[in-house]
Amino acid sequence: MNVLLVARRDLASYLNSASGYIIVSALLFILGLLFNALSYFAGPAYSHELLEAFFLYGFGTTLIAAVLLSMRSFAEEKSQGTDVLLETAPISEGEVVLGKYLAGVGMVSIFVLLTLYMPLLILWNGKVALGHLAVGYLGLLLVGSAGTAIGNFGSALSRSQVVAAVLSGVMVTFMMILGEIGSFSEAPLDAIHYLDLFDAHFPAFQGGRLELSGVVFYASVTAVFLWLTTQVLKGRRWQ
Amino acid sequence: MIGVKNLTRYYGDFRAVHDVSFDVSDGEIVGVLGLNGAGKSTILKVLAGLLPPSSGTVTIDGLDVTTASDALKSRIGYLPENPPQYRDMTVTEFVTYIGRLKGMTAAQVAKRLPEVIETCALRGREHQVIGTLSHGYKKRVGLAQAVIHDPKLVILDEPISGLDPAQIKDMRKVIRKLGEGRAVMISSHILTEISQTCDRVLVIHDGKLKAQGTEEELTRQLGDARIVLTVRGDQGEFEAWLRAHPKVEDVVPRPVGGALASAIVDLEGDIRESFIAEIIGAGFGIRLVEVPDDELEEAFLGLTRAPVGGEL
């Protein structure tokens, strides 16, 4: 119940603020431009190839949207002093983190759903398997979930939204080069490749293949960062 | 209601509060008075469950704040110096949200809200967005969020700071209403506010409890007495008599005209009764004996001037 209270308030706050709209519309604009460029300048291509390219761009913009939207979640509470309201309420740190995560995921989901017109255009003008579409979107939502959890963690580390976004951006970037690092490493260190945010798991979603390992991976990244965020809040309280 | 025993709180190596002990009863309004940085806010934060004590025990309603923190949160209302508020919410939305966070059902909040709006003098502002309210109204909204769940203890950190005189007067009324049936702790460095609103005052200086008691008791602790005397007689003769008296430390003339003479008199020790008898004996007819308006301020400054660690 407490989780939903926090989630509802934060979601309303996102929808009442200009920043949420600006981030979502700017990224939709960028994704739209990329999609247009892809459609007009890439030459003849199969519909599924276009869809795979769309999911590739969608991966990047969804991750950026998740980080930018969630940078305010804890940083703003701290800078405005409203974190006291949560700390003096009979609500656990875990419930606060989960509530804020759900609100962030809600906003990222709105962004992801608003991109739907682009693959629908491919569907309208070409031939696309609905399963491919569904799996690709599941992948985007999972990436959005992981990105929101990472963004929340970055936000819990600072009272500045800009610093929070930079910290989260650095973490996301690091997790996206783990594949490269793994390819230069020898066993057993090469296993680090499986922790790569893109290379190891997203290409399957991009191609329309539903792999349980990918679902488990993104769900695990989400869970780990939510746990870390909870620990940051608990640690700060008893300093 | 509150039992604080040997409370000490460190921030790193800095000792903000040292060995403070006091009790607060149900229905009592207690002021925590001290200069900036004295340790007032730290004590209130410990009571609110925001900071754990470094040592000592703090019990509220019979429960220890360190072990029963969650159980106590629904029994305590806390207003920090800068009222924490979500500026994009309306007054009703915000207070309702806090009520729900404190564990109330939607029906309980709906039933309690009109009473809180009335108590905190927010009638007519219920649907206004908080970001557009004046500073005084924001403070009242802060009070509303602190009492929406009908707590047994209300903690107010500098509730009148930044308010204009009219707002201070209104806020004083609101705080008195809040004190009906519950314990209230108020911190302030504004002495007149403490003396006019609180039943008892704790004087904090350099993290230590220097004194506690009513205004009268605190004044007595200084050992000196300061009174305003108005007598029937000549102003010049009266002043000369006062200055010649061995137990008079200072005389500030306060001519009132006509056949009356008046002065503010600082006495060496509390010898007020015998001193007044001497005045009558000297042939001056007593018309009025008053305590100066700034008496507590003098007492407070006297207490905080005492050497650190020294006894009063």
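Tutor: Contact here means heavy atoms within 4.5 Å, and please keep in mind throughout that this is a predicted model.

Student: OK, with that in hand, which residues does Gly32(A) touch, not counting residues up to four places away in sequence?

Tutor: Once residues up to four places away in sequence are set aside, Gly32(A) touches Tyr117(A) and Met118(A).

Student: And where is Gly32(A) found?

Tutor: Gly32(A) belongs to helix α2 of chain A, which covers residues 18-41.

Student: Buried or exposed, that Gly32(A)?

Tutor: Gly32(A) counts as buried because its relative accessible area is 9%, and the cut-off for buried is under 20%.

Student: How far apart in space are Gly32(A) and Gly235(A)?

Tutor: The C-alpha atoms of Gly32(A) and Gly235(A) are 42 Å apart in space, for two residues that stand 203 residues apart in sequence.

Student: Let me try another glycine: where does Gly94(A) lie, and how accessible is it?

Tutor: Gly94(A) is part of helix α6 of chain A, residues 93-114, and with a relative accessible area of 30% Gly94(A) is partly exposed. From Gly94(A) to Ser109(A), 15 residues apart in sequence, the distance in space is 22 Å, C-alpha to C-alpha.

Student: How does the radius of gyration of chain A stand against that of a compact globule?

Tutor: The two agree, because a compact globule of 239 residues would have a radius of gyration near 18 Å and chain A has 19 Å. Along its principal axes, the C-alpha trace of chain A spans about 60 × 50 × 30 Å.

Student: What share of chain A do buried residues make up?

Tutor: Of the 239 residues in chain A, 50% are buried. As for its contacts with a separation of 6 or more, 74% are accounted for by residues 24 or more positions apart.

Student: Now chain B: what does its secondary structure come to?

Tutor: Chain B comes to 11 helices and 14 strands, and its C-alpha trace spans about 70 × 45 × 30 Å along the principal axes. Buried residues make up 53% of the 312 residues in chain B, while 69% of its contacts between residues at least 6 apart in sequence join residues at least 24 apart.

Student: Which domains does the assignment of chain B give?

Tutor: According to the domain assignment, chain B has domain 1 at residues 2-213 and domain 2 at residues 222-300, and the centres of these two domains, taken over C-alpha atoms, are separated by 40 Å.

Student: Backbone next: what is the phi of Asn6(B), and what about Asp19(B)?

Tutor: Asn6(B) is not a glycine, yet its phi is positive, near 50°, and Asp19(B), likewise not a glycine, has a positive phi of about 50°. For context, most residues other than glycine have a negative phi.

Student: Where do Asn6(B) and Asp19(B) lie?

Tutor: Asn6(B) lies in strand β1 of chain B, residues 2-11, and Asp19(B) has its place in strand β2 of chain B, residues 14-24. Asn6(B) is partly exposed, with a relative accessible area of 43%, and Asp19(B) is partly exposed, with 42%.

Student: Let me turn to α1(B): how many of its residues are buried?

Tutor: In α1(B), 6 of the 8 residues are buried, leaving the helix mostly covered; the buried ones are Lys40(B), Thr42(B), Ile43(B), Leu44(B), Val46(B) and Leu47(B). After α1(B) comes Gly49(B), with a positive phi near 85°.

Student: Last topic: how much space lies in the largest pocket?

Tutor: The largest pocket holds about 630 Å³ of space. Its lining is made of 23 residues, and those closest to the pocket centre are Asp83(A), Val84(A), Glu87(A), Lys45(B) and Leu50(B).

Student: Which helices each supply at least two residues of that lining?

Tutor: From chain A these are α4 (75-80), α5 (83-87) and α12 (212-237), and from chain B there is α1 (40-47).

Student: And how do the residues of the lining divide into nonpolar, polar and charged?

Tutor: The lining of the largest pocket has 8 nonpolar, 6 polar and 9 charged residues.

Conventions: Residues are numbered from 1 along each chain as its sequence is written. Chains are lettered from A and ligands numbered from 1 in the order in which they are written. This is a predicted model: local features need pLDDT of at least 70, side-chain atom pairs count only at pLDDT 80 or more; totals for chains, interfaces and linings use all residues. Side-chain values use heavy atoms; hydrogens and water are left out. On a 1 Å grid over the protein atoms alone, a cavity is a set of points where a 1.4 Å probe fits but cannot get out, and a pocket is an open set with protein on both sides within 12 Å along at least five of seven lines; lining residues have an atom within 4 Å of a point. Grid points are joined across faces, edges and corners, and a volume is the space filled by probe spheres set on the points. Helices (H or I, at least four residues) and strands (E, at least two) are DSSP runs, numbered from the N terminus. Ala, Val, Leu, Ile, Met, Phe, Trp, Tyr, Cys and Pro count as nonpolar, Asp, Glu, Lys and Arg as charged, and the others, Gly among them, as polar. Domain bounds come from an automatic or database domain assignment. Buried means under 20% relative accessible area, exposed over 50%, partly exposed in between (1.4 Å probe, protein chains only). The radius of gyration is taken over C-alpha atoms; the globule rule is 2.2 Å times the number of residues to the power 0.38.
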